[in-house]
Amino acid sequence: DVYSPVAAHLAKGDHLVDVGPQVGDVVRLSNPQPTLEPDGIHGLVVALDGPFGNLVTNVDRELLAGLGYRLGDIVRVRVGEAVFEVPYAATFGAVEVGRALLFVDSRGLVSLAINQGNFAREHAIVPPAPLLISRPAVR
């Protein structure tokens with residue numbers, strides 16, 4: 001990250017040519033987008049939420065809503081080769097301590113967590129990891 005240090009130098013009054021060496025080879029990272037397929041949403045676990053071990057995905061609230069899930073529904077999710085069936089909840093308090101849940105985080109992204117636990121550590125998940133949120137069973 002070159003932006004923060006450069007901004008700090010400029011904010012303290014340094015001249016642009018004095019903030020550091022010229023950056024030559026900029027690497028552009030791919031930003032894969034989730035897709036809606038016949039079997040559900042294919043996306044990625046893109047990050048962990050700090051020390052809590054929540055899995056942050058690249059699936060947003062609107063795409064999840066397109067599958068028709070409602071709060072309280074059980075959602076079948078595959079992360080890598082592991083399959084989980086977890087409730088779709090609005091808050092951690094909607095599930096017992098130690099239980100997993102799927103929720104929409106403050107960024108509007110679908111996340112997986114364990115109430116007062118660490119989902120990533122418990123299931124040995126390291127981003128990036130492929131994700132499938134299955135379509136709900138016919139009601």
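The largest nonpolar core holds 25 residues, and Val-79, Leu-102 and Ile-133 touch the most other members. Such a core is a set of buried Ala, Val, Leu, Ile, Met, Phe, Trp, Tyr and Cys residues joined through side-chain atoms within 4.5 Å; buried means under 20% relative accessible area with a 1.4 Å probe, protein chains only. At least two residues of this core come from each of strands S2 (40-49), S3 (54-60), S4, S5 (82-87), S6 (100-104), S7 and S8 (129-134) and from helix H3. Helices (H or I, at least four residues) and strands (E, at least two) are DSSP runs numbered from the N terminus. Another core, of five residues, lies apart from it and includes Ala-89, Val-95, Leu-101 and Ala-113.

The model is predicted: local features need pLDDT of at least 70 and side-chain atom pairs 80 or more, while totals for chains, interfaces and linings use all residues. Residues are numbered from 1 along each chain as its sequence is written, and side-chain values use heavy atoms, without hydrogens and water.

Leu-67 sits in the loop between helix H2 (61-65) and strand S4 (74-79). Leu-67 counts as buried because its relative accessible area is 7%. Beyond its neighbours within four places in sequence, Leu-67 has contacts (heavy atoms within 4.5 Å) with residues including Leu-36, Ile-41 and Ile-133.

Asn-118 belongs to the loop between strand S7 (109-114) and helix H3 (119-123). Asn-118 is buried, since its relative accessibility is 11%. Its side chain reaches the backbone nitrogen of Ala-120 at 3.3 Å, and a polar atom of that side chain lies 2.8 Å from the backbone nitrogen of Arg-121. Not counting residues up to four places away in sequence, Asn-118 touches Pro-51, Phe-52 and Gly-53.

Notes. Buried < 20%, exposed > 50% of the residue type's maximum accessible area, 1.4 Å probe, protein only. Polar contact = N/O pair within 3.5 Å; in protein donor to acceptor, adjacent residues only side chain to side chain.
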